[in-house]
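Trainee: I have a model open and would like to learn how to read its features one by one. Could you take me through it?

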Amino acid sequence: MEFIEATLGGYLDKNCDPEPALLARINRETHLMQAHPHMLSGHYQGRLLAMISRLLAPSRILEIGTFTGYATLCLAEGLREDGEIHTIDNNEELQERVQGYFDESGNADWIQYHIGEALTVIPSLTGSFDLVFIDADKKNNLHYFELVLGKMPSGGVILIDNVLWKGRVFDEEPDRQTRQILELNETLATDPRVEKLILPVRDGLYILRKK
């Protein structure tokens, strides 16, 4: 299921801010070189992430799931001058290329790039985070949520990607991965610690604000 069909998607892309040149190149190279390029946030969602970050003006951001660094650089656009973003991924094969993108962006001094398992790295990070973007292995989303919520102040925002799971959340007989997404959504919908809503952007983006 496509929640935003091609004609509407093209119109939305055309009527938001253009994709910065480096991000356009990352987008293109990801589609040329990676087996699963759909994991990239892309133009429209990237501009949404950048807008949310700019509105919050966070001092510290945490991203779980770097992939090729596209969303990382979008989120970094809203950082305060003395801010920093920590991004975690377990794919060592992409490290050199992604670090190259970060260096080219001019924001490398703000970006702390961690290679390892997020369940291990997150507890090792000190301090609090104003904005968190969760876009990694879906089976651990609830674990990530619980780990980061305690590291956030009141008013902190958590974004979780792929919560509509290409429409499979509506399947009458959902598979194991879909059941994990359904469990996440149902658990978060009744969690009194956060305000929440799902945006039907791309593959579904959960926005949660800590009370």
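Mentor: Let's start with burial: a residue is buried under 20% relative accessible area, exposed over 50%, and partly exposed in between, using a 1.4 Å probe and protein chains only. Keep in mind that this is a predicted model, where local features need pLDDT of at least 70 and side-chain atom pairs count only at pLDDT 80 or more, while totals for chains, interfaces and linings use all residues. Residues are numbered from 1 along each chain as its sequence is written, and side-chain values use heavy atoms, with hydrogens and water left out.

Trainee: Let me try that on Ala57. Is Ala57 buried, exposed or partly exposed?

Mentor: Ala57 has a relative accessible area of 27%, so it is partly exposed. Ala57 sits in the loop between α3 and β1 (60–64). As for the names, helices (H or I, at least four residues) and strands (E, at least two) are DSSP runs, numbered from the N terminus. Have a look at the backbone there too: Ala57 is not a glycine, yet its phi is positive, about 45 degrees.

Trainee: What is the phi of Phe67?

Mentor: Phe67 has a positive phi of about 55 degrees, and again the residue is not a glycine. Its place is the loop between β1 and α4 (70–76). Phe67 counts as buried because its relative accessible area is 12%.

Trainee: Next, salt bridges. What's the idea?

Mentor: Side chains of opposite charge can pair when their charged atoms come close. The cut-off here is a side-chain nitrogen of Lys or Arg within 4 Å of a carboxyl oxygen of Asp or Glu.

Trainee: How many salt bridges does the structure hold?

Mentor: There are 11. Take Arg25 and Glu104, whose closest N and O atoms are 2.7 Å apart. That pair links distant parts of the chain, since Arg25 is in helix α2 (residues 21–33) and Glu104 in helix α5 (residues 95–105), 79 residues apart. Arg25 is partly exposed at 24% relative accessible area, and Glu104 is partly exposed at 46%.

Trainee: What about Lys138 and Asp135?

Mentor: They form a salt bridge as well, with 3.1 Å between the closest N and O atoms. Both Lys138 and Asp135 are buried. Then there's Arg193 with Asp191, at 2.7 Å from N to O. Arg193 has 37% relative accessibility, so it counts as partly exposed, while Asp191 counts as buried because its value is 7%. Also, salt bridges that share partners join Arg25, Glu29 and Glu104 into one network.

Trainee: How should I read a contact between two helices?

Mentor: Look at axes and residues. Axes are lines fitted to C-alpha atoms, for helices over the stretch in contact, and angles run from 0 to 180 degrees between N-to-C directions. Here the axes of helix α7 (residues 141–149) and helix α8 (residues 176–189) come within 9 Å and cross at roughly 35 degrees.

Trainee: Which residues in α7 and α8 meet?

Mentor: With contact meaning heavy atoms within 4.5 Å, Asn141, Leu142 and Phe145 in α7 meet Glu183, Leu184, Thr187 and Leu188 in α8. By class, that contact has four nonpolar, two polar and one charged. The classes are nonpolar for Ala, Val, Leu, Ile, Met, Phe, Trp, Tyr, Cys and Pro, charged for Asp, Glu, Lys and Arg, and polar for the others, Gly among them.
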